[in-house]
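This report describes the fold of one protein chain, together with the confidence that attaches to each part. The sequence and the structure follow.

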Amino acid sequence: MEKTELQATVRKSVGNGPARVLRRAGQIPAVLYGRKIEPVLLSVNTKDLEQILKKGSFGQFILNLVIQNGKKVTKSAIIKELQTHPVSGNLIHIDFYEVDMKRQIKVMVPVVTTGKSAGIEEGGLLNIVRRELEVFCLPGDIPEAIEIDISELGIGDSIHLEDVPLGENVEVAADVNYTVVTVLSPKVEEEVVEEEEEELEGEEEGAEGEAAEAEAEPEEEK
């Protein structure tokens, strides 16, 4: 996997005030941590990071994190977590994790389906139960996506974890052989919708009954 370069600067100050100052200056507070290093406080340019994130899911990037602290130090890292503002959606903090290119790591990889399912052609509905799979692999072997061919799936058929082609040097992180993709019967979907509608009607009738009882009750004497 090709590495993406990202410039970072060591920061000395911590707390909400200095963090707001950084964000107003177009920087995002960050931290780099790993198995054998002390956490390092950093800041990165917001626009530079946004350009990287446009390429796809952040969990699939191996970064050459170029850290400025009087001299340049380059670290291989992945983005472990992105924190966003609950209202604006703006990035407010990043966690980087230093990786050893010779040591396996655990990552989430998106699932992509290919082919045309016979079951869907017959009116079935594709249900992607797991849109991401957790796998172990070397940082340089992280796949961009895990492709699953659904061409042979009829209505009621499923593909389980043990049937998914992962490629070389990639292992699943789970012991349970769960369902990844299935084709549902349209009748099953209709039954689910009908049940939900009946439950909703029952709740509405119950609420109306409680309201009527409340109106009929005399007010207590004060």
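## Model and confidence

What pLDDT does the chain average, and what percentage of the residues score at least 70? The chain averages a pLDDT of 83, and 81% of the residues score at least 70; pLDDT is the predictor's confidence in each residue, from 0 to 100. This is a predicted model, in which local features need pLDDT of at least 70 and side-chain atom pairs count only at pLDDT 80 or more, while totals for chains, interfaces and linings use all residues. Residues are numbered from 1 along each chain as its sequence is written, and side-chain values use heavy atoms, with hydrogens and water left out.

Confidence is highest in strand β11 (residues 158–160), at a mean of 95, and lowest in helix α4 (residues 186–216), at 52. Helices (H or I, at least four residues) and strands (E, at least two) are DSSP runs, numbered from the N terminus. Where pLDDT is low, the predicted coordinates should not be read in detail.

## The barrel

In the order β1-β3-β2-β6-β5-β4, 6 strands close into a barrel with mixed pairing. From one strand to the next, the twist averages 45 degrees. Two strands pair if DSSP finds at least two bridges between them. Strand β2 (residues 27–33) and strand β3 (residues 40–45) run antiparallel and are joined by 6 bridges; V31 has L41 as its bridge partner in β3.

Helix α1 (residues 16–24) lies across β2, β3 and β6 (91–98), and runs at about 120 degrees to β2. For such angles, axes are lines fitted to C-alpha atoms, for helices over the stretch in contact, and angles run from 0 to 180 degrees between N-to-C directions.

## Helix α2

Helix α2 (residues 46–53) has T46, L49 and I52 as its buried residues, where buried means under 20% relative accessible area, exposed over 50%, and partly exposed in between (1.4 Å probe, protein chains only). Seen down the axis of α2, these residues fall within an arc of 125 degrees, so they line one face of the helix; the arc is that of the directions from the helix axis to the C-beta atoms. Their cover includes β1 (4–10), β2, β3, β4 (63–69), β5 (71–84) and β6.

T46 counts as buried because its relative accessibility is 18%. Beyond its neighbours within four places in sequence, T46 is in contact with G26, Q27 and I28.

The largest nonpolar core has 26 residues, and L133, I148, V164 and V180 have the most contacts inside it. A nonpolar core is a set of buried Ala, Val, Leu, Ile, Met, Phe, Trp, Tyr and Cys residues joined through side-chain atoms within 4.5 Å. At least two residues of this core come from each of β7, β9 (132–137), β10 and β13 (179–184), and β7 gives the largest share, 4 residues. Apart from this core lies another, of 18 residues, including V44, L49, I52 and I79.

Strand β7 (residues 105–114) pairs with β10 in the parallel sense over 4 bridges, and T114 stands opposite D149.

## A loop residue

N169 lies in the loop between β11 and β12 (170–172). Although N169 is not a glycine, its phi is positive, about 65 degrees.

How values were computed
Contact = heavy atoms within 4.5 Å.
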